[in-house]
Every structure is written in C-alpha cells, then in structure tokens.
Amino acid sequence: MWITLIGMLAYGVLHTLLAGWFKPRFRARFGERAYYGLYRILFNTIVTITLAPVALAMLIEDSNAPVVWQFPTRAEPVLMAIQLAGMAGMAVSLLQIDGMRFLGVTQLMAYLRGAPLPLADEPLQTGGVYRLVRHPLYLFSILVMWPVTVMRGAYFGFCLGATLYFVVGSLYEERRLAQGFGQAYEDYRERVAWLIPLVRLPRRASR
C-alpha cells in the first residue's frame, strides 16, 4: 500500500510542478505559438509516461498485499453496475467537452497546419452531467476505481492517492475557471455541487 501511495503522491507533485514551474519556462523558451500548440499534448504525454512506474509498482506490490476488504460474490453485479455507470459518465463528460482539445490533439493539429493559435476559448459547460457536479470526470473516475469485490493494499493506496489527486486538481481547476469565466462561474458554483452530488460545501466569504 505505502509504496503505491507514495508513488501516487510523487506523481501528484510532479504534475503540480509541470503545471506550475514548467509551464512558464516552456512558454518563455519556445514562444507563444509553441506553448499554445504543443504544451498540452506534451504535458499529457509526460504525465501518462510517469504514471506507468506507479502502475507497475502497484502490480508488483499487490501480489503480496493484504486484503483491505472483500465483498461476497453476490455483491459483484452491484459493484460492476456502479463501475459501468462510472464509465458511461466519463464518456458523457468527455463528449460534452472537446475531448481532442482536452488531450492536446486539436492544438497540435492547428500548430502543424499553421492555423491561428491560441484556439478560441471553450464555452463554460453547465448542462448535462455538469448539472450533477462541477467535476463530473473526477466523480465518475472515482466510481470506476473504488467498487471492487476484493480490495488489496496496493490498489487501495493507488485509489487513495488518485482520489487525493482529483480533490487537489479540482481546486486548481476551480481557480482557473473562476479567473477565466468570472461571475458566470461563480453563479454556476453557487448552483451546483462540487464533487459529491447534492452535497454543498461551505464557501469562505469573499474578501
């Protein structure tokens, strides 16, 4: 459990450094056009590659890890239904936004074609699954990860680390969206729950 959890925390720190420390340096070194055209896909590629050692460590550790919980076999259909709902929700969440832009492919193609960059801003999504929570992709990812019949220690550490990563990531994303959309996002945030449907967290008073 601890090896995988520490690996996920290290992965989260790396992701934060890439988003904070590396981004302005890439922009200054390679210029505005390269930043808007290449940074997103480079960022996604790096974080995917750096997740591979964590996944490998989890598989190695999990073979001898203790069982954290084990549900009876009759619970499998219910757990699988929750996971399938999570997968469907993830797909819908991505369909509601520009999935290729999320991955950085749209920006890369515009860069290679010599098309104007940066791309036009995406509209604020407030309908569909975004009426349920403000971060549906994180919510549905959690629903895919956690409902397993046998939870072993290493995978438990992975789930803990990934969930913490989603929580912290959502806070950074909220700040970015508030800066980008202003009052429209503040109004949306007042209407819709954060990460858990129907659960409203207390807001700090604005200064």
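**Helix packing and nonpolar cores**

The crossing of α3 and α6 is left-handed, a term used when the near helix is turned anticlockwise from the far one by less than a right angle. The model is predicted: local features need pLDDT of at least 70 and side-chain atom pairs count only at pLDDT 80 or more, while totals for chains, interfaces and linings use all residues. Residues are numbered from 1 along each chain as its sequence is written, and side-chain values use heavy atoms, leaving out hydrogens and water.

Helices here are DSSP runs (H or I, at least four residues) numbered from the N terminus. The axes of α3 (residues 76-96) and α6 (residues 136-145) come within 7 Å and cross at roughly 155°; axes are lines fitted to C-alpha atoms over the stretch in contact, with angles from 0 to 180 degrees between N-to-C directions. The pair is therefore roughly antiparallel, the word for angles over 145 degrees. Contact means heavy atoms within 4.5 Å, and the residues making it include Ile82, Met87 and Leu94 of α3 and Pro136, Phe140 and Val144 of α6.

Turning to the interior, a nonpolar core is a set of buried Ala, Val, Leu, Ile, Met, Phe, Trp, Tyr and Cys residues joined through side-chain atoms within 4.5 Å, where buried means under 20% relative accessible area (1.4 Å probe, protein chains only). The largest such core has 29 residues, and Met145, Trp146, Met151, Tyr155, Phe158 and Cys159 touch the most other members. Helix α7 (153-181) gives the most to this core, with seven residues. A second, separate core of eight residues includes Tyr130, Phe140, Tyr185 and Val192.

Notes
Helix = DSSP H or I, 4+ residues; strand = E, 2+ residues; numbered from the N terminus. Parallel < 35°, antiparallel > 145°, perpendicular 65-115°, else oblique. Buried < 20%, exposed > 50% of the residue type's maximum accessible area, 1.4 Å probe, protein only.
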